[in-house]
Amino acid sequence: MYDGRFSVQFHAEKSSLVYIAFYSQEQNCAEAAAKTSEERSKTADMVNNTAGQVITCKAAVAWGPEQPLVMEEILVDPPQKMEVRIKVLFTSICHTDLSAWKGENESQRAYPRIFGHEASGIVECVGEGVTDLKEGDHVIPIFNGECGECEYCRCERTNMCRDYGVNPMKKAMVADGRCRFRTKETGEPIFHFLNTSTFSEFTVVESACAVKVDPCFPLEKMAMLSCGVSSGVGAAWNTADVKAGSTVAIFGLGSVGLAVAAGARARGASKIIGVDINPAKFVKAQALGITDCINPKELETASHEEIKRLTGGGGVDYSFECTGDLAVLREAFLSAHLGWGLTVLLGIHPGPKMLPLHPMELFNGQQITGSVFGGFKGKTHIPRFAEDCMRGAVNLEEFISHELPFEKINEAFQLLQGGESLRCLMHL
């Protein structure tokens, strides 16, 4: 599990860069303080006027699979026991949102619904029993919560949480099984999504799913830590524990895959091979640490054969599958070195098909495992990870490829679906 060891390595090996990073952090702190002073003032006014009351606000509501999201006014109820209500300032779209919007897994469909799980904002008010958060705190909502009390949260070997872990089937709040969103006209419940539902100007989440961050840190960058960057970097640091001088292959160069690359580069990997069928992604990939790019469409052999050629015949020490495609997962597994190669699965696989492996293949010493939220325990680890990022470990700004107003959310979906964006940051 993440214990901050990276920052020690980074500081020892990159002392000049750390000086620059600290100087930059001071600038960021001043800029963020100035930038959010107005928002703090607005939030303070809101707390005085809206705490404990029903709020009317705008949200992008999904009414059916692949239907354009409808920007409409909704009602947001006050938080109940162990819940917080957040004024969302920034949100972005992840491929998980895209998959859910398409309704790829029919068993997880529920409408009307508010998607979104990558965001940042300010606590507007808190419910009964919440002691670790207060009005005005800067927070990021997380889809994989941490209550700190269950047997999973007390175990250092996992970042699961019994009641607030990632659950795509969950549609309402734990406290009473009811929704905190309602339609303005009829009062019909609007379902929640992945513990967060950030495509709304205000959202209500369990306190276990909100992480307090330093108010000096720019909230537009902190939004990247809600999912993609944490999932990718954490997979390299925590799940795989990539070693200096090792070799890495990453299948799928979206935001999560490139976050893996950034994490592997920070750990000192000697070769980081990126695999994607969209060559337009290669320039950004190389900027984030990819040393060799492979387009499977241009190969006469399988991707894993090319990877073995690039690594002297043996394959890579670590391979990461970030596509949600079983055929790609098999290529990732076959690219891992016999005897010790580790394959980490990050892609979301909505279909019912099983792993494309024969049990006997595991006797060759290769291993395969999954990674959720990069192995980070949200409330315990993410504040320290945010500090590492602001000190230069990972450049969060590199992942923001587009910015749009919230009202253009359907355009943002099309950018992601067309492979044109990493993260489109929307301003609410």
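Before looking for a core I wrote down what the word covers: a nonpolar core is a set of buried Ala, Val, Leu, Ile, Met, Phe, Trp, Tyr and Cys residues joined through side-chain atoms within 4.5 Å. Buried stands for under 20% relative accessible area, exposed for over 50%, and partly exposed for what lies in between, with a 1.4 Å probe and protein chains only. I also noted that this is a predicted model, in which local features need pLDDT of at least 70 and side-chain atom pairs count only at pLDDT 80 or more, while totals for chains, interfaces and linings use all residues. Residues are numbered from 1 along each chain as its sequence is written, and side-chain values use heavy atoms, with hydrogens and water left out.

**Entry 1, the core.** I found that the largest nonpolar core has 105 residues, and that F199, M222, I250 and F320 are those with the most contacts inside it. Its largest share, eight residues, comes from helix α6 (residues 255-266); helices (H or I, at least four residues) and strands (E, at least two) are DSSP runs, numbered from the N terminus. A second, separate core of eight residues includes F251, I273, V316 and A332. In general, nonpolar side chains in soluble globular proteins tend to be buried together.

I then looked at strand β10 (residues 247-251), where five of its five residues are buried. Both faces of β10 are covered, with T247, A249 and F251 on one side and V248 and I250 on the other. Five bridges join β10 to strand β11 (residues 271-275), and the two run parallel; the bridge partner of F251 in β11 is V275.

Three bridges join β2 (residues 70-76) to β6 (residues 181-183), and V76 has F181 as its bridge partner in β6.

How do α5 and α10 lie relative to each other? The axes, which are lines fitted to C-alpha atoms, for helices over the stretch in contact, with angles from 0 to 180 degrees between N-to-C directions, come within 12 Å for α5 (residues 228-239) and α10 and cross at roughly 90 degrees. The two helices are therefore roughly perpendicular, a word kept for 65 to 115 degrees, whereas under 35 counts as roughly parallel, over 145 as roughly antiparallel and the rest as oblique. V229, S230, V233 and W237 of α5 make the contact with I382, F385 and D388 of α10.

The peptide bond from Y111 to P112 is cis, with omega near -5 degrees, and P112 lies in the loop between α3 (95-102) and β4 (118-126). E66, in the loop between β1 and β2, has a positive phi near 60 degrees without being a glycine, and E66 is partly exposed at 48% relative accessible area. N195, also not a glycine, has a positive phi of about 65 degrees, yet N195 counts as buried at 7% relative accessibility.

Definitions and conventions:
Two strands pair if DSSP finds at least two bridges between them. Contact means heavy atoms within 4.5 Å.
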